[in-house]
Amino acid sequence: MLALAGYPLGIRCMFLDRSAAAPGAQVAPILTGDLEDASRLAALAACSDVVTFDWENISGEALRPLEKLTRVRPPRAALEVSQDRLSEKALFSRLRIPVAAHAAIDSKEQLIRAARKQGLPGVLKTRRLGYDGKGQFVLRDATRIDEAWAAIGGEGLIYEKFQEFSREISIVGARSATGQTVFYPLSANTHGGGILRYSIAPFANPRLERGAQVYLKRVMNALDYVGVLTIEFFVVGGRLVANEMAPRVHNSGHWTIEGCVTSQFENHLRAICDLPLGSTRALGHAAMINFLGTMPSRERLLGLDGLAFHDYGKEPRPGRKLGHCTVLKSRKSERNSALADALKLIQWT
Ligand code: AMP
(Lines give C-alpha, C1' and ligand atoms only; values in the text may rest on other atoms or scores of the structure.)
Protein backbone atom coordinates (compact mmCIF):
# COMPACT_ATOMS: atom_id res chain seq x y z
CA MET A 1 0.00 0.00 0.00
CA LEU A 2 3.00 2.29 0.57
CA ALA A 3 4.41 1.45 -2.85
CA LEU A 4 1.03 2.00 -4.51
CA ALA A 5 0.75 5.41 -2.85
CA GLY A 6 4.27 6.27 -4.02
CA TYR A 7 3.84 5.72 -7.76
CA PRO A 8 1.75 8.83 -8.55
CA LEU A 9 4.23 10.96 -6.60
CA GLY A 10 7.20 9.56 -8.51
CA ILE A 11 8.47 7.76 -5.41
CA ARG A 12 9.77 4.26 -6.04
CA CYS A 13 9.89 1.73 -3.24
CA MET A 14 12.09 -1.28 -2.75
CA PHE A 15 11.34 -3.78 -0.01
CA LEU A 16 13.30 -6.08 2.22
CA ASP A 17 11.32 -9.08 3.35
CA ARG A 18 12.04 -12.61 4.48
CA SER A 19 9.96 -14.08 1.68
CA ALA A 20 10.00 -13.43 -2.05
CA ALA A 21 6.23 -14.01 -1.89
CA ALA A 22 5.70 -11.00 0.40
CA PRO A 23 2.79 -8.74 -0.65
CA GLY A 24 5.17 -5.89 -1.52
CA ALA A 25 6.83 -8.05 -4.19
CA GLN A 26 3.67 -7.78 -6.32
CA VAL A 27 4.18 -4.07 -6.80
CA ALA A 28 7.86 -3.26 -6.23
CA PRO A 29 11.31 -4.83 -6.41
CA ILE A 30 12.17 -6.86 -3.35
CA LEU A 31 15.34 -7.95 -1.61
CA THR A 32 14.90 -11.14 0.33
CA GLY A 33 16.74 -11.97 3.50
CA ASP A 34 16.52 -11.70 7.23
CA LEU A 35 15.24 -8.30 8.34
CA GLU A 36 18.25 -7.96 10.62
CA ASP A 37 20.84 -9.17 8.10
CA ALA A 38 23.42 -6.36 8.09
CA SER A 39 24.48 -6.87 4.48
CA ARG A 40 20.90 -6.95 3.16
CA LEU A 41 20.03 -3.83 5.15
CA ALA A 42 23.16 -2.10 3.85
CA ALA A 43 22.23 -3.09 0.28
CA LEU A 44 18.79 -1.59 0.80
CA ALA A 45 20.21 1.60 2.30
CA ALA A 46 22.78 1.94 -0.49
CA CYS A 47 20.08 2.36 -3.12
CA SER A 48 17.60 4.36 -1.02
CA ASP A 49 17.21 8.05 -0.20
CA VAL A 50 15.33 7.07 2.93
CA VAL A 51 14.61 3.81 4.74
CA THR A 52 11.38 3.24 6.63
CA PHE A 53 9.52 0.27 8.16
CA ASP A 54 5.91 -0.86 8.37
CA TRP A 55 6.43 -3.46 11.08
CA GLU A 56 7.95 -2.68 14.45
CA ASN A 57 9.60 -5.93 15.41
CA ILE A 58 12.98 -5.15 13.87
CA SER A 59 15.69 -4.37 16.37
CA GLY A 60 16.87 -0.79 16.61
CA GLU A 61 20.42 -2.14 16.80
CA ALA A 62 20.06 -3.64 13.32
CA LEU A 63 18.95 -0.27 11.97
CA ARG A 64 21.61 1.80 13.73
CA PRO A 65 24.37 1.28 11.08
CA LEU A 66 21.98 2.46 8.36
CA GLU A 67 21.89 5.91 9.89
CA LYS A 68 25.43 6.42 8.57
CA LEU A 69 24.39 5.41 5.06
CA THR A 70 21.03 7.12 4.60
CA ARG A 71 18.11 8.63 6.50
CA VAL A 72 16.08 6.28 8.71
CA ARG A 73 12.58 7.58 9.36
CA PRO A 74 10.70 7.41 11.72
CA PRO A 75 13.57 7.83 14.20
CA ARG A 76 15.01 4.67 15.72
CA ALA A 77 14.16 5.93 19.22
CA ALA A 78 10.44 5.79 18.36
CA LEU A 79 10.80 2.22 17.15
CA GLU A 80 12.66 1.20 20.29
CA VAL A 81 10.14 2.79 22.66
CA SER A 82 7.25 1.08 20.89
CA GLN A 83 8.92 -2.32 21.12
CA ASP A 84 8.67 -2.49 24.87
CA ARG A 85 5.28 -1.99 26.50
CA LEU A 86 6.96 -0.80 29.69
CA SER A 87 9.05 1.95 28.07
CA GLU A 88 6.03 2.94 25.98
CA LYS A 89 3.98 3.41 29.13
CA ALA A 90 6.88 5.26 30.78
CA LEU A 91 6.99 7.68 27.84
CA PHE A 92 3.22 8.21 27.95
CA SER A 93 3.37 8.84 31.70
CA ARG A 94 6.28 11.27 31.35
CA LEU A 95 4.18 13.18 28.80
CA ARG A 96 1.15 13.15 31.14
CA ILE A 97 -0.83 10.80 28.92
CA PRO A 98 -3.01 8.48 31.06
CA VAL A 99 -2.24 4.74 30.99
CA ALA A 100 -3.67 1.69 32.77
CA ALA A 101 -2.19 0.84 36.18
CA HIS A 102 0.56 -1.67 35.49
CA ALA A 103 3.62 -3.45 36.84
CA ALA A 104 6.68 -5.11 35.33
CA ILE A 105 6.63 -8.89 35.89
CA ASP A 106 9.63 -11.23 35.83
CA SER A 107 8.41 -13.98 38.15
CA LYS A 108 5.24 -15.69 39.30
CA GLU A 109 5.62 -14.11 42.75
CA GLN A 110 5.61 -10.67 41.17
CA LEU A 111 2.46 -11.59 39.25
CA ILE A 112 0.74 -12.69 42.46
CA ARG A 113 1.72 -9.39 44.10
CA ALA A 114 0.66 -7.32 41.07
CA ALA A 115 -2.72 -9.07 40.81
CA ARG A 116 -3.26 -8.15 44.47
CA LYS A 117 -1.99 -4.57 44.15
CA GLN A 118 -3.40 -3.54 40.75
CA GLY A 119 -6.45 -5.74 41.19
CA LEU A 120 -8.34 -8.21 38.99
CA PRO A 121 -9.20 -8.64 36.21
CA GLY A 122 -5.95 -7.82 34.50
CA VAL A 123 -4.02 -8.66 31.38
CA LEU A 124 -0.63 -10.35 31.50
CA LYS A 125 1.33 -9.49 28.35
CA THR A 126 4.79 -10.01 26.97
CA ARG A 127 6.57 -6.66 26.98
CA ARG A 128 8.25 -7.25 23.63
CA LEU A 129 7.28 -8.82 20.30
CA GLY A 130 3.59 -9.06 21.09
CA TYR A 131 1.06 -7.86 18.57
CA ASP A 132 -2.47 -8.67 17.43
CA GLY A 133 -3.24 -10.15 20.84
CA LYS A 134 -0.32 -12.58 20.71
CA GLY A 135 1.38 -13.20 24.04
CA GLN A 136 -1.53 -12.10 26.22
CA PHE A 137 -3.54 -13.74 28.97
CA VAL A 138 -6.62 -12.18 30.54
CA LEU A 139 -6.52 -13.02 34.23
CA ARG A 140 -10.01 -12.91 35.66
CA ASP A 141 -9.41 -14.54 39.02
CA ALA A 142 -6.46 -15.39 41.21
CA THR A 143 -7.06 -19.15 40.94
CA ARG A 144 -5.89 -18.96 37.33
CA ILE A 145 -2.47 -17.46 38.01
CA ASP A 146 -0.77 -20.85 37.49
CA GLU A 147 -2.56 -21.23 34.17
CA ALA A 148 -1.52 -17.72 33.07
CA TRP A 149 2.05 -18.45 34.07
CA ALA A 150 2.04 -21.77 32.20
CA ALA A 151 0.68 -20.02 29.10
CA ILE A 152 3.09 -17.09 28.80
CA GLY A 153 5.10 -16.97 32.05
CA GLY A 154 8.74 -15.97 32.05
CA GLU A 155 10.81 -12.82 32.21
CA GLY A 156 9.96 -9.55 30.53
CA LEU A 157 6.21 -9.38 31.10
CA ILE A 158 3.81 -6.64 32.13
CA TYR A 159 0.59 -6.90 34.12
CA GLU A 160 -2.04 -4.29 33.30
CA LYS A 161 -5.29 -3.57 35.01
CA PHE A 162 -8.13 -4.63 32.69
CA GLN A 163 -9.84 -1.55 31.24
CA GLU A 164 -13.64 -1.61 31.18
CA PHE A 165 -13.77 0.47 28.03
CA SER A 166 -16.85 1.72 26.20
CA ARG A 167 -14.86 2.00 22.97
CA GLU A 168 -11.44 1.45 21.52
CA ILE A 169 -10.32 4.30 19.31
CA SER A 170 -7.15 5.28 17.53
CA ILE A 171 -5.65 8.40 16.12
CA VAL A 172 -3.33 8.42 13.14
CA GLY A 173 -1.28 11.49 12.34
CA ALA A 174 1.82 12.53 10.46
CA ARG A 175 4.69 14.87 11.26
CA SER A 176 7.30 16.22 8.87
CA ALA A 177 10.91 17.08 9.68
CA THR A 178 9.94 20.77 9.73
CA GLY A 179 7.40 20.05 12.48
CA GLN A 180 4.26 20.26 10.29
CA THR A 181 1.60 17.97 11.75
CA VAL A 182 -1.69 16.62 10.41
CA PHE A 183 -4.23 14.39 12.14
CA TYR A 184 -6.82 12.05 10.70
CA PRO A 185 -10.31 11.83 12.17
CA LEU A 186 -10.59 9.24 14.94
CA SER A 187 -11.32 5.59 14.11
CA ALA A 188 -13.45 3.44 16.39
CA ASN A 189 -12.05 -0.07 16.39
CA THR A 190 -13.61 -3.45 17.12
CA HIS A 191 -11.25 -6.29 18.04
CA GLY A 192 -11.81 -10.01 18.45
CA GLY A 193 -9.22 -12.16 20.20
CA GLY A 194 -6.90 -9.14 20.26
CA ILE A 195 -6.99 -8.65 16.46
CA LEU A 196 -8.61 -5.69 14.75
CA ARG A 197 -11.77 -6.82 12.97
CA TYR A 198 -13.22 -3.56 11.73
CA SER A 199 -12.96 0.20 12.12
CA ILE A 200 -15.48 2.93 11.53
CA ALA A 201 -14.49 6.52 10.89
CA PRO A 202 -14.76 9.39 11.39
CA PHE A 203 -15.69 8.65 15.00
CA ALA A 204 -17.07 12.10 15.69
CA ASN A 205 -16.40 13.14 19.25
CA PRO A 206 -14.80 16.59 19.27
CA ARG A 207 -13.69 16.40 22.90
CA LEU A 208 -11.96 13.02 22.55
CA GLU A 209 -10.53 14.08 19.20
CA ARG A 210 -8.96 17.19 20.66
CA GLY A 211 -7.50 15.17 23.52
CA ALA A 212 -6.12 12.49 21.21
CA GLN A 213 -4.52 15.11 18.97
CA VAL A 214 -2.87 16.84 21.93
CA TYR A 215 -1.47 13.50 23.15
CA LEU A 216 -0.29 12.39 19.72
CA LYS A 217 1.43 15.72 19.14
CA ARG A 218 3.17 15.50 22.50
CA VAL A 219 4.63 12.11 21.56
CA MET A 220 5.60 13.30 18.08
CA ASN A 221 7.40 16.35 19.42
CA ALA A 222 9.11 14.46 22.23
CA LEU A 223 10.58 12.00 19.71
CA ASP A 224 11.25 14.59 16.99
CA TYR A 225 9.15 12.25 14.91
CA VAL A 226 9.01 12.06 11.11
CA GLY A 227 6.34 9.92 9.42
CA VAL A 228 2.97 8.48 10.41
CA LEU A 229 2.40 7.69 14.07
CA THR A 230 -0.61 6.00 15.67
CA ILE A 231 -1.85 5.81 19.24
CA GLU A 232 -4.55 3.37 20.29
CA PHE A 233 -6.71 4.36 23.24
CA PHE A 234 -9.36 2.84 25.45
CA VAL A 235 -12.25 5.15 26.25
CA VAL A 236 -12.95 4.56 29.94
CA GLY A 237 -15.63 6.63 31.66
CA GLY A 238 -15.43 9.16 28.83
CA ARG A 239 -11.66 9.59 29.22
CA LEU A 240 -8.77 8.46 27.06
CA VAL A 241 -6.38 5.82 28.38
CA ALA A 242 -3.46 5.16 26.03
CA ASN A 243 -2.92 1.49 25.21
CA GLU A 244 -0.08 1.50 22.74
CA MET A 245 1.60 3.39 19.94
CA ALA A 246 2.73 2.25 16.51
CA PRO A 247 5.53 4.14 14.73
CA ARG A 248 4.15 3.32 11.29
CA VAL A 249 1.10 3.29 9.08
CA HIS A 250 -1.62 1.47 10.97
CA ASN A 251 -4.38 -1.00 10.20
CA SER A 252 -6.99 1.30 11.75
CA GLY A 253 -5.93 3.91 9.17
CA HIS A 254 -6.50 1.76 6.09
CA TRP A 255 -9.88 3.43 5.56
CA THR A 256 -8.01 6.64 4.65
CA ILE A 257 -7.09 5.18 1.23
CA GLU A 258 -10.60 5.79 -0.07
CA GLY A 259 -11.94 7.80 2.86
CA CYS A 260 -9.65 10.85 2.96
CA VAL A 261 -8.16 13.38 0.56
CA THR A 262 -4.66 12.00 1.30
CA SER A 263 -4.18 8.47 2.62
CA GLN A 264 -2.00 7.60 5.60
CA PHE A 265 0.35 5.82 3.17
CA GLU A 266 0.81 8.89 1.03
CA ASN A 267 1.31 11.13 4.04
CA HIS A 268 3.89 8.75 5.46
CA LEU A 269 5.82 8.95 2.19
CA ARG A 270 5.40 12.71 1.99
CA ALA A 271 6.71 13.09 5.54
CA ILE A 272 9.76 10.87 5.16
CA CYS A 273 10.58 12.39 1.73
CA ASP A 274 10.38 16.00 2.98
CA LEU A 275 7.29 16.84 0.93
CA PRO A 276 4.41 18.98 2.23
CA LEU A 277 1.80 16.90 4.07
CA GLY A 278 -1.60 16.45 2.44
CA SER A 279 -5.11 17.14 3.68
CA THR A 280 -6.53 14.52 6.06
CA ARG A 281 -10.12 15.64 5.47
CA ALA A 282 -12.62 12.76 5.39
CA LEU A 283 -14.60 12.36 2.18
CA GLY A 284 -17.55 10.66 3.85
CA HIS A 285 -18.36 7.98 6.41
CA ALA A 286 -16.16 4.91 6.08
CA ALA A 287 -15.95 1.40 7.47
CA MET A 288 -12.92 -0.83 6.99
CA ILE A 289 -13.23 -4.57 7.56
CA ASN A 290 -10.25 -6.91 7.82
CA PHE A 291 -10.15 -10.27 6.05
CA LEU A 292 -8.72 -12.59 8.71
CA GLY A 293 -7.71 -16.19 8.05
CA THR A 294 -9.99 -16.71 5.03
CA MET A 295 -10.53 -14.60 1.92
CA PRO A 296 -14.21 -13.80 1.39
CA SER A 297 -15.94 -13.97 -1.99
CA ARG A 298 -14.63 -11.12 -4.12
CA GLU A 299 -17.62 -11.40 -6.46
CA ARG A 300 -20.17 -11.04 -3.68
CA LEU A 301 -18.39 -8.18 -1.91
CA LEU A 302 -17.86 -6.25 -5.13
CA GLY A 303 -21.59 -6.52 -5.65
CA LEU A 304 -22.02 -4.04 -2.78
CA ASP A 305 -22.19 -0.44 -3.92
CA GLY A 306 -19.26 1.78 -2.95
CA LEU A 307 -17.03 -1.05 -1.71
CA ALA A 308 -13.27 -1.11 -2.34
CA PHE A 309 -11.52 -4.48 -2.17
CA HIS A 310 -7.89 -5.06 -1.13
CA ASP A 311 -6.32 -8.50 -1.48
CA TYR A 312 -2.75 -8.60 -0.13
CA GLY A 313 -1.97 -11.84 -1.96
CA LYS A 314 -0.98 -13.73 1.20
CA GLU A 315 -1.25 -17.44 1.96
CA PRO A 316 -4.29 -17.97 4.23
CA ARG A 317 -3.49 -18.92 7.83
CA PRO A 318 -5.79 -18.73 10.88
CA GLY A 319 -5.90 -15.18 12.20
CA ARG A 320 -3.67 -13.80 9.44
CA LYS A 321 -4.54 -10.43 7.91
CA LEU A 322 -5.09 -11.31 4.25
CA GLY A 323 -6.74 -8.15 3.00
CA HIS A 324 -9.50 -5.69 3.79
CA CYS A 325 -12.42 -3.86 2.26
CA THR A 326 -13.67 -0.35 2.77
CA VAL A 327 -17.12 1.10 2.26
CA LEU A 328 -17.51 4.84 1.91
CA LYS A 329 -20.90 6.57 2.08
CA SER A 330 -22.06 10.14 2.38
CA ARG A 331 -24.32 9.40 5.37
CA LYS A 332 -23.56 7.60 8.59
CA SER A 333 -26.76 5.53 8.41
CA GLU A 334 -25.85 4.37 4.88
CA ARG A 335 -22.37 3.49 6.07
CA ASN A 336 -23.77 1.48 8.94
CA SER A 337 -26.04 -0.56 6.70
CA ALA A 338 -23.25 -1.08 4.13
CA LEU A 339 -21.04 -2.30 6.99
CA ALA A 340 -23.76 -4.72 8.12
CA ASP A 341 -24.16 -6.02 4.55
CA ALA A 342 -20.41 -6.52 4.12
CA LEU A 343 -20.08 -8.23 7.51
CA LYS A 344 -22.61 -10.86 6.39
CA LEU A 345 -20.16 -11.89 3.65
CA ILE A 346 -17.01 -12.04 5.80
CA GLN A 347 -15.91 -14.81 8.13
CA TRP A 348 -12.97 -14.42 10.49
CA THR A 349 -11.10 -17.66 11.02
P1 AMP B 1 -2.77 -4.86 22.44
O2 AMP B 1 -1.89 -5.87 21.78
O3 AMP B 1 -2.20 -4.30 23.68
O4 AMP B 1 -3.23 -3.79 21.48
O5 AMP B 1 -4.09 -5.64 22.85
C6 AMP B 1 -4.97 -6.17 21.89
C7 AMP B 1 -6.40 -5.98 22.37
O8 AMP B 1 -6.61 -6.69 23.61
C9 AMP B 1 -6.79 -4.56 22.64
O10 AMP B 1 -7.15 -3.88 21.47
C11 AMP B 1 -7.96 -4.76 23.60
O12 AMP B 1 -9.13 -5.15 22.91
C13 AMP B 1 -7.49 -5.92 24.45
N14 AMP B 1 -6.75 -5.41 25.62
C15 AMP B 1 -5.42 -5.25 25.73
N16 AMP B 1 -5.06 -4.71 26.91
C17 AMP B 1 -6.21 -4.53 27.60
C18 AMP B 1 -6.52 -3.98 28.89
N19 AMP B 1 -5.58 -3.55 29.74
N20 AMP B 1 -7.83 -3.92 29.24
C21 AMP B 1 -8.80 -4.34 28.40
N22 AMP B 1 -8.57 -4.87 27.18
C23 AMP B 1 -7.29 -4.96 26.77
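This is a predicted model: local features need pLDDT of at least 70, side-chain atom pairs count only at pLDDT 80 or more; totals for chains, interfaces and linings use all residues.
Where does Q163 lie? You'll find Q163 in the loop between β8 and β9 (167-175). Leaving aside residues up to four places away in sequence, Q163 touches A100, F234, V236 and V241. There's also a polar contact here: a polar atom of the Q163 side chain sits 3.0 Å from the backbone oxygen of K161.

Q163 also brings us to the ligand. There are 15 residues around the ligand, and those that come nearest are K125, Q136, Q163, E168 and E244. Which strands each supply at least two residues of the shell around the ligand? They include β6 (122-126), β8 (157-161) and β14 (239-246). Now zoom in on some side chains. An N or O atom in the side chain of K125 is 2.8 Å from an oxygen atom of the ligand. E160 has a polar side-chain atom 2.9 Å from a nitrogen atom of the ligand, and H191 has one 3.4 Å from a ligand oxygen atom. Taken alone, the ligand exposes 470 Å², and the protein buries 92% of that.

Next, the nonpolar interior. In soluble globular proteins, nonpolar side chains tend to be buried together. Here, the largest nonpolar core has 40 residues, and V219, I231, F233 and M245 touch the most other members. Helix α8 (residues 206-222) gives this core its largest share, six residues. Apart from this core lies another one, of 22 residues, with L2, Y184, L269 and A271 among them.

Finally, take a look at helix α2 (residues 38-46), where L41, L44 and A45 are buried. Why are these three on the same side of α2? They cover an arc of only 100° around the axis, so they end up on the same side of the helix. On the other side of α2, S39 and A46 are exposed. What do the buried residues of α2 pack against? Their partners are β1 (15-17), β2 (30-32), β3 (50-51) and α3 (60-63).

Technical notes: Residues are numbered from 1 along each chain as its sequence is written. Side-chain values use heavy atoms; hydrogens and water are left out. Buried means under 20% relative accessible area, exposed over 50%, partly exposed in between (1.4 Å probe, protein chains only). Helices (H or I, at least four residues) and strands (E, at least two) are DSSP runs, numbered from the N terminus. The arc is that of the directions from the helix axis to the C-beta atoms. Contact means heavy atoms within 4.5 Å. A nonpolar core is a set of buried Ala, Val, Leu, Ile, Met, Phe, Trp, Tyr and Cys residues joined through side-chain atoms within 4.5 Å. A residue is near a molecule or strand if one of its heavy atoms lies within 4 Å of it. A polar contact is a pair of N or O atoms within 3.5 Å; within protein, one must be able to donate a hydrogen and the other to accept it, and residues adjacent in sequence count only if both atoms are side-chain atoms. Accessible areas come from the Shrake-Rupley method with a 1.4 Å probe; for residues, only the protein chains shown count as cover.
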